[in-house]
Amino acid sequence: MLFTDRVDAGRRLAEALGHLAGEKTIVLGLPRGGVPVAFEVAQALHAPLDVIVVRKLGVPYHRELAFGAIGEGGVRVISDDIVRRSGIAEQDIAAVERAEAVELERQALRFRGNRPMLSLDGRTAIVVDDGVATGATAKAACQVVRAHGAARVVLAVPVAPPDAAATLRSAVDEVVCLSTPSAFRAVGEWYHDFSQTPDEEVIDLLGKANRPAAGADRSEEVEVDAGGVRLAGELVLPTGAGAIVMFAHGSGSSRHSPRNRRVASALNEAGLGTLLFDLLTTAEEADRANVFDIETLAGRLVDTTRWLRNREAVPIGYFGASTGAAAALRAAASAEADVGAVVSRGGRPDLAGPRLADVRAPTLLIVGGDDARVLELNRQAQAQLRCENRLEVVAGATHLFEEPGALDEVAGLAQAWFVRHLGATRAGE
């Protein structure tokens, strides 16, 4: 494993692309997994972000062999050599193009809505994906970008096999690849977290990247002193934020968790501030037992709450996921924390033990309907709560809420709960 997740990969890739800062640059992410990586690159380079939607045209009897690609705006790239060697009839070419054009239009509308594709004419286009296996899709995307008028095409990926990287260098002006391991089997094996990127996350990141500057949130990298341990975090404060939600991440997760960041973005849109931070140091995460040390995690959450309250005089809430939910509830049971509301996503509130009865903050438990074991544990924990509480079951969702629309439902439920219980979302409202 080289990268924690796509956010980590994007930030590290951005460092390698620093020489392009200040150029007339546009960053283009390949949906879906390439967009979270591209978002970090675009933020670091202060460049606009868009998706590059392409569809490979596969030989009918050998779909993996592409004889061309199509892109938005009627862009069409055909390999005459492959068409000739494959013996594809004109009517077959037309049939494949028609079918792929329908899917191309659907994807573009889904990701971008009515917003037009950014013009690439005369620009430096950085095409970003979360990794390359064969390179066929990346090559097709770069060909389409070139056909759209880009003056320079740069392909940027965190990891790729050596042969694919070498082949792609002849197809673009520059390839930036952080790692080309010889023992390459799949992109996902080089990530700790390579969970599926839902459409909703792509849409959210594109919206966030293209939000007008006047309405931008104030985002700051912070370092928290939690009982002598330095913890890294990111504090986001929308203008006039009247409350802040602190995120307690679950086992094997971090402040870069795409699921928690998706929820945080929804809270920011409602005018709520957010603090995403790591409860464990990198060295501590190496010992799996530490993610189940609820007492230590809760103690650090209380310490961080004290730090935040000294800095920002607004109501505070907790959002906990998995084992982080247990830490959030145990911390909320402490009179010193004095939090206004708690939300648990796919959490293990049972791990908070007898302290559940001491929680006074209104608590919302959100569980996937198909996460049977965790659902039962949440029902048992709910019976021990003495505060205002509610259990919401997201139908058809599993533990990570990866199903279409499931995470959006979580975000909406959390947003409504915090807005209701933390008071005005913006100071003065």
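Is F247 buried or exposed? F247 is buried, with a relative accessible area of 0%; buried means under 20% relative accessible area, exposed over 50%, and partly exposed in between, with a 1.4 Å probe and protein chains only. The structure is a predicted model, in which local features need pLDDT of at least 70 and side-chain atom pairs count only at pLDDT 80 or more, whereas totals for chains, interfaces and linings use all residues. Residues are numbered from 1 along each chain as its sequence is written, and side-chain values use heavy atoms, with hydrogens and water left out. Helices (H or I, at least four residues) and strands (E, at least two) are DSSP runs, numbered from the N terminus.

**Aromatic pairs**

- Rings of Phe, Tyr and Trp (its six-membered ring) pair if their centres lie within 6.5 Å; planes under 30 degrees apart count as stacked, over 60 as edge-to-face and the rest as tilted.
- Three aromatic pairs are counted by this rule.
- The pair of F3 and Y191 is tilted, because the ring centres are 5.4 Å apart and the planes stand at 45°.
- F3 belongs to the segment before α1 and Y191 to the loop between β8 and α7 (199–209), so this pair ties together parts that are 188 residues apart in sequence.
- F3 and Y191 are both buried.
- F247 and F319 form another tilted pair, with 4.9 Å from centre to centre and 35° between the planes.
- Since F247 lies in strand β11 (residues 244–248) and F319 in strand β13 (residues 316–321), the pair ties together parts that are 72 residues apart in sequence.
- Like F247, with its relative accessible area of 0%, F319 is buried, also at 0%.
- F3, Y191 and F194 are linked into a cluster by ring pairs.

**Charges over rings**

- A charge sits over a ring if NZ of Lys or CZ of Arg is within 6 Å of the ring centre and within 35 degrees of the ring normal.
- The ring of F194 has the charged end of R6 over it, 4.4 Å from its centre.
- In a further case, the charged end of R420 sits over the ring of W417, at 5.8 Å from the ring centre.

- Helix α1 spans residues 6–16, and its buried residues are R6, V7, D8, A9, G10, L13 and A14.
- The elements that cover these buried residues include α2 (34–45), β6 (124–128), β7 (152–159), β8 (174–179) and α8 (258–269); contact means heavy atoms within 4.5 Å.
- At the start of α1, a side-chain oxygen of D5 comes within 3.2 Å of the backbone nitrogen of V7.
- G34 lies in helix α2 and is buried, with a relative accessible area of 0%.
- Leaving aside residues up to four places away in sequence, G34 touches G29, V128, D129 and D130.
- The C-alpha atoms of G34 and F3 are separated by 14 Å, the two residues being 31 residues apart along the chain.

**R259 in helix α8**

- R259 is found in helix α8 and is buried, at a relative accessible area of 12%.
- The side chain of R259 makes a polar contact with the side chain of S195, at 2.9 Å.
- A polar contact is a pair of N or O atoms within 3.5 Å; within protein, one must be able to donate a hydrogen and the other to accept it, and residues adjacent in sequence count only if both atoms are side-chain atoms.
- Not counting residues up to four places away in sequence, R259 touches D193, S195, R345, L400 and L407.

**Strand pairing**

- Two strands pair if DSSP finds at least two bridges between them.
- Strands β9 (residues 218–226) and β10 (residues 229–237) run antiparallel and are joined by nine bridges.
- Opposite A232 in β10 stands E223, and opposite G233 in β10 stands V222.
- β9 and β10 form a hairpin with two residues between them, and G227 in the turn has a positive phi of about 60°.
- Strand β10 is also joined to strand β12 (residues 273–277) by four bridges, and these two run antiparallel.
- The bridge partner of E234 in β12 is L276.

**Cysteines**

- A search of the whole structure finds zero disulfides, a disulfide being a pair of cysteine sulfur atoms within 2.5 Å.
- The sulfur of C177 is too far for a bond, because the closest cysteine sulfur, in C142, is 13 Å away.
- C177 is buried, with a relative accessible area of 18%, and C387 counts as buried at 9% relative accessibility.
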